[in-house]
Structures are given as C-alpha cells and as structure tokens.
Amino acid sequence: MISLEGDATAQAQEPQPIDVTELILQDILAGRLPPGTWLKQIDLERRYNCTRPEVRRALDRLVQKRLVEHIPNRGYHVHEQDGRRAQEVSDIRVILEVAVSDRIIANASEADIANLRVLALRFDDLVLNGTMLELYEANLAFHRHLLALAGNQELVELITEIRQRTSSAPVSQWRTRARIEQSGREHQQMVDAIEKRDTDGLMELTRRHILQG
C-alpha cells in the first residue's frame, strides 16, 4: 500500500524554487554587486546555481525596477546613480507632490483613508515578512493611491515617469532596516495627517519622505 502521508511529507520537504531576482537585488543593495558592475549571465548562473532563463527573467525584472540597465549588444550592468540627476528629480517631486496636499485632504473620503491605511499596513507587514521587491511594489501602490486623491491622473502618470528617470527610489536607498522602518512610519504619519485634515503636516511629511530626511 502506498502511504499518502509519506508522499505528503516528501512533497513538503521538496526545496522551494529560488527567487533569483531577489538574490541579485539583495547583492546589489548589500554592495556585493556595486554600481557599474557588468552582470554576465554565465557568472550569475554559477553564483546562484540557477538556469539561464531564470537569470534572464531576473535581469529583465530588475531593468523594469531601474536597478539594472540593459545596453543592447553589450549586456546588463548595475545602474549607476547620477547624484545630481537624482537630487533634481527629488526636487521636482517635492514641488509637485507637496503642492497637491490640500487637494488630497479635500478629496479624501473615509473609505479612501481606510484604503490608504490598509496599504500602509501592508508595507509594514512586508518589512517583517516580505521580500525587497514586494516592498517596492507595496510602496508604489501606497503612493499611487495617495496621489490619485488629488484628482489628476496625469499628475500620477507624470510623477511615475519622473521616478523612472533615476535608479529605483527608494529601493536603492533602502540599505538599512532602520531606513525601511522609517519609511513605514512616515506612511502612517501621512495617513494620520490626512485623517486630521492637517494640510501643513502632510506637506512637511511629504517633503521629508521624498528627500529621505
């Protein structure tokens, strides 16, 4: 007789597939793959003990996140941050996002505030239990929902496009657990300010959050 329990135990002990994207991302953030490093696919296969298609999918995902750059006919390399450009992009975001704080507060319903709170809590949960890529997506979801409350979809798309002009922020700046946790607290404080209808408070929190103060 075949033991179903034995089969279940064997299946439970099967190794889980590795997330090559997350492994490469962690090595980038830890400085083990510093900016400018060329990412040869054969080297990554050996480094992470994975297949060529897995490496290629991981690199393409990181290109989408602006942490890796693909140069046709040459390959992939870790994105090199342009400090001047990054600062100018942050300055533009401050000008645009702080300016709509009053609209966000005026338009935010109780349901909107509750949704923002859920998204902020989702981010906090992922700080403890998620991957860096999941944090990245949760952060984008929070900020897109926040900006959408200004009632201007073109603004949401414009800021999304502006963020893509430099390496992915704040992922590229989340080099410590403390910085990630601070971002989570700032999300919660921004929701608190909206709930209190505190325009000045939201403006200052938005400025500080963007500049990673």
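Predicted model: local features only at pLDDT ≥ 70, side-chain atom pairs only at ≥ 80, totals over all residues.
Residues are numbered from 1 along each chain as its sequence is written, and side-chain values use heavy atoms, with hydrogens and water left out.

A nonpolar core is taken as a set of buried Ala, Val, Leu, Ile, Met, Phe, Trp, Tyr and Cys residues joined through side-chain atoms within 4.5 Å, where buried means under 20% relative accessible area, exposed over 50% and partly exposed in between (1.4 Å probe, protein chains only). The largest such core holds 27 residues, of which I24, L39 and L135 touch the most other members. Two or more residues each are given to this core by α2 (20–29), α3 (41–48), α4 (52–64), β2 (75–78), α7 (110–129) and α8 (132–148), the elements being DSSP runs numbered from the N terminus (helices H or I, at least four residues; strands E, at least two). The largest share of this core, 5 residues, is supplied by α2. When residues up to four places away in sequence are not counted, L135 touches F123, L126, V127, W174 and I180, contact meaning heavy atoms within 4.5 Å. Another core, of 21 residues, lies apart from the largest one and includes I113, L149, V156 and L202.

Most residues other than glycine have a negative phi. N49, in the loop between α3 and α4, has a positive phi near 55° and is exposed, with a relative accessible area of 69%. R197, found in the loop between α10 (177–195) and α11 (199–211), likewise has a positive phi, of about 60°, and counts as partly exposed at 36% relative accessibility.
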